[in-house]
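Student: I would like to go through this model and ask what stands behind each label. Could we begin once the structure is in view?

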Amino acid sequence: MAHSLFKNLGALIQPAPVDDEGINLKGINCTNPKFVYTTPSCQYPTGVKMSMSRRFQLLNWAAVNETYIIEDDYNHEFSNWEKPLGSLFGMDLQERVVYLGTFNKLIHPSLRLGYIILPEQLIGPVSGLYQQSSRFVPRQDQKAMSAFIQKDYLNKHLRKVIDTAQHRKEYFVEQFNAILGDWFQLETSCLGLHLIAHIKKKQSDLYIEQKLMDQNIRVHALSRYYILPNDANGLVMGFCSVNQKQIKETIRKIGEIMGQL
Ligand SMILES: Cc1ncc(COP(=O)(O)O)c(C=O)c1O
């Protein structure tokens with residue numbers, strides 16, 4: 001999503017590799033980058049959380065290169081609560097980090113309410129852009145959200161949502177492995193609200209994605225998420241916006257479809 005957004009804005013994009021500690025700076029081959037975009041709490045779709053040492057490296061790198069880091073912390077509530085690591089923004093002493101957050105995952109995707117925390121020197125330019133674009137985020141929604149936070153309802157809601165997400169994940173993994181284990185190897189370490197299932201057999205993820213889509217089951221082919229050629233072959237599946245009954249039924253249907261391929 002972010003990639004296509006930047007591309008549509010005409011940005012020259014240089015992909016950076018991600019290993020099990022997060023973004024690998026050695027793989028960045030770019031002089032004078034305007035900014036680096038990253039999701040340190042939970043890289044999408046791999047689910048990797050950036051290690052502390054990588055966070056320091058990235059901050060130093062940004063300071064040396066006089067570039068900005070856009071820290072998109074889109075689901076830190078789910079991926080960074082168990083063993084929380086400090087945000088890049090919180091660790092930044094050089095005013096190099098732009099922090100983005102959203103309420104859309106926590107409350108509802110239709111809310112369209114997010115926030116941005118900026119280094120002082122960017123407040124002017126970003127306010128200017130905001131005036132020209134999305135300045136009509138409804139005031140009443142913002143006020144309601146503000147009261148929701150101040151009265152501590154957000155924390156209570158968060159606890160409930162995290163519990164529900166955990167239960168749904170456990171149930172999803174159990175059902176998936178029982179019914180689809182012959183076709184897929186499920187990766188359960190991901191900290192987000194989605195899981196990756198690697199395809200064991202020969203079919204391509206794009207083919208399976210289409211076959212499932214034909215039956216109104218929406219999954220995303222893992223190979224789509226890579227900019228450079230890769231051998232990724234898997235499905236990215238959300239599990240949190242559906243209840244146990246829907247999870248069970250959908251997995252049963254996927255089993256049927258896979259049996260016919
Ligand atoms: C990488 C990334 N950033 C941000 C968001 C949040 O987007 P929005 O607040 O527009 O729902 C998402 C949503 O899934 C995401 O995957």
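Tutor: Start with α8, which is followed by asparagine 216, a residue with positive phi near 65°. Helices (H or I, at least four residues) and strands (E, at least two) are DSSP runs, numbered from the N terminus. This is a predicted model, in which local features need pLDDT of at least 70 and side-chain atom pairs count only at pLDDT 80 or more, while totals for chains, interfaces and linings use all residues. Residues are numbered from 1 along each chain as its sequence is written.

Student: What makes the phi of asparagine 216 worth a remark?

Tutor: Most residues other than glycine have a negative phi. Asparagine 216 is not a glycine, yet its phi is positive, about 65°. Asparagine 216 sits in the loop between α8 and β9 (220–221).

Student: Why is asparagine 216 called exposed?

Tutor: A residue is buried if 20 or more other C-beta atoms lie within 10 Å of its own, exposed if 12 or fewer, and partly exposed in between, with C-beta atoms placed from the backbone. Asparagine 216 has 8 other C-beta atoms within 10 Å, so it is exposed.

Student: Which other residue has a positive phi without being glycine, and is it buried, exposed or partly exposed?

Tutor: Glutamate 95, with phi near 60°. Glutamate 95 lies in the loop between α4 (88–91) and β5. Its 13 C-beta neighbours inside 10 Å make it partly exposed. Isoleucine 107 is also partly exposed, because 16 other C-beta atoms lie within 10 Å. Its place is the loop between β5 (97–102) and β6 (114–117).

Student: How do you know that the buried residues of α8 line one face?

Tutor: Those residues are Asp205, Ile208 and Glu209. Seen down the axis of α8, they fall within an arc of 105°, so they line one face of the helix. The arc is that of the directions from the helix axis to the C-beta atoms. The face turned away from the buried side carries the exposed residues Gln210 and Asp214.

Student: What do the buried residues of α8 pack against?

Tutor: They pack against β8 (194–199), β9 and β10 (234–238). Contact means that the C-beta atoms of two residues, placed from the backbone, lie within 7 Å.

Student: What is the span of α9, and what is expected?

Tutor: Helix α9 (residues 244–260) has 17 residues and reaches 25 Å from its first C-alpha to its last, close to the 24 Å expected at 1.5 Å a residue. The expected span is 1.5 Å times one less than the number of residues.

Student: Which residues of α9 are buried, and why are they said to line one face?

Tutor: Thr250, Ile251 and Ile254 are buried. Seen down the axis of α9, the buried residues fall within an arc of 100°, so they line one face of the helix. They pack against α7 (153–180) and α8 (205–214). The face of α9 turned away from its buried side carries exposed residues, including Lys245, Glu249 and Arg252.

Student: What is the omega of the peptide bond from tyrosine 44 to proline 45?

Tutor: Omega is near 10°, and the bond is cis. Most peptide bonds are trans. Proline 45 is in the loop between β3 (35–38) and α2 (52–64).
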